[in-house]
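Please walk through this structure with the sequence alongside.

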There are 2 protein chains.
Amino acid sequence: MSKRTVALLKEHGINPSSQRVRIYDYLVATEDHPTVDDIYAELQREGHLFSRATVYNTVNLFLKKGLIRAVRVEAKEMRFDASPGFHAHFKCESCGSVLDIPMDEPIPDDPDGLEYHGTSVIFSGLCRDCQKRKHSG
Amino acid sequence: MSKRTVALLKEHGINPSSQRVRIYDYLVATEDHPTVDDIYAELQREGHLFSRATVYNTVNLFLKKGLIRAVRVEAKEMRFDASPGFHAHFKCESCGSVLDIPMDEPIPDDPDGLEYHGTSVIFSGLCRDCQKRKHSG
DNA sequence: TTATGACTTTATAATCATTATAAAGTCATA
DNA sequence: TATGACTTTATAATGATTATAAAGTCATAA
């Protein structure tokens, strides 16, 4: 129950219930862009009694308040990202893991009068482990 | 029933049935990155008797053979893109339309030993029409 | 203390794009 | 015209997410 998280949630107009604080703490602690089910499974493992619906409600609230970002690297699953600043994502086609890739936000050369709000860059390929696995297996 | 399409499908090892040729022709003719339902609706409108399953089968076959690309700009819907060469996409948050944005493929500065296969860049914001609509409405 | 009311969480059902399955149709070739 | 491989089709199944409404929580006022 991090005091810093409580303050941060309040700053964003979010009532810091214990579930919300716990979910946010997990999101910032983990690096691997969890899905709703990842979050749900981890909280269960820790012995918390959570409903999957609460996880959905909470991440949607965080998204609406701009606290986290959604990353859709997989066909179906939505993943979440609490790390600040622009960065790209890399999705391993073999093991499905998702990594952050530091990178400047690309600027389109196109002067088409569009109003740009957000940018998403997703690379795909093979991570180091899966390259090794391919060559040895 | 384009002769060029028939040849192209054959080159890619795809038996050019009339449905497949028609769907490919529609994909290259349209610029707005149709969904499966867009394709299905257009073919119905033209009086063809198609099943939705055929559209799914066909676009999945095209994807597997590398004839088209999938673009997932929206939360749920998969859209398709037959235009060649790298380009980014822009999704209007208001009307949902998807535009091509000419752009060089970004190269990650990260030397992490990853094996890169593909890149997807999606911008979001407001298209020109929706900006006007916002200011006048 | 107890009542009030707003907000949270929960369980359950509903939605909806997509995939799986298996039957029916097509078509070239023997 | 029989065979067999490939296509299309209708239908059911899947699975992530959202909607709904009941139950729980918690601060504050009487």
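Which atoms of DNA strand C lie within 4 Å of the protein, those of sugar or phosphate or those of bases? Sugar or phosphate accounts for 78% of them, and bases for the rest. This is a predicted model, in which local features need pLDDT of at least 70 and side-chain atom pairs count only at pLDDT 80 or more, while totals for chains, interfaces and linings use all residues. Residues are numbered from 1 along each chain as its sequence is written, chains are lettered from A and ligands numbered from 1 in the order in which they are written, and side-chain values use heavy atoms, leaving out hydrogens and water.

DNA strand C is surrounded by 15 residues, each with a heavy atom within 4 Å of the strand. The closest are Asn15(A), Ser17(A), Arg20(A), Leu49(A) and Thr54(A). From chain B, a polar side-chain atom of Asn60(B) lies 3.2 Å from a phosphate oxygen of DNA strand C. Two or more residues each come from helix H2 (18-29) and helix H4 (52-64) of chain A and from helix H4 (52-64) of chain B. H4(A) gives the largest share, three residues.

Chain A has five helices and five strands, taken as DSSP runs (helices H or I, at least four residues; strands E, at least two) numbered from the N terminus. Their order along the sequence is α-α-α-α-β-β-β-β-β-α. Of its 137 residues, 45% are buried, meaning under 20% relative accessible area with a 1.4 Å probe, protein chains only.

Conventions:
Buried < 20%, exposed > 50% of the residue type's maximum accessible area, 1.4 Å probe, protein only. Polar contact = N/O pair within 3.5 Å; in protein donor to acceptor, adjacent residues only side chain to side chain.
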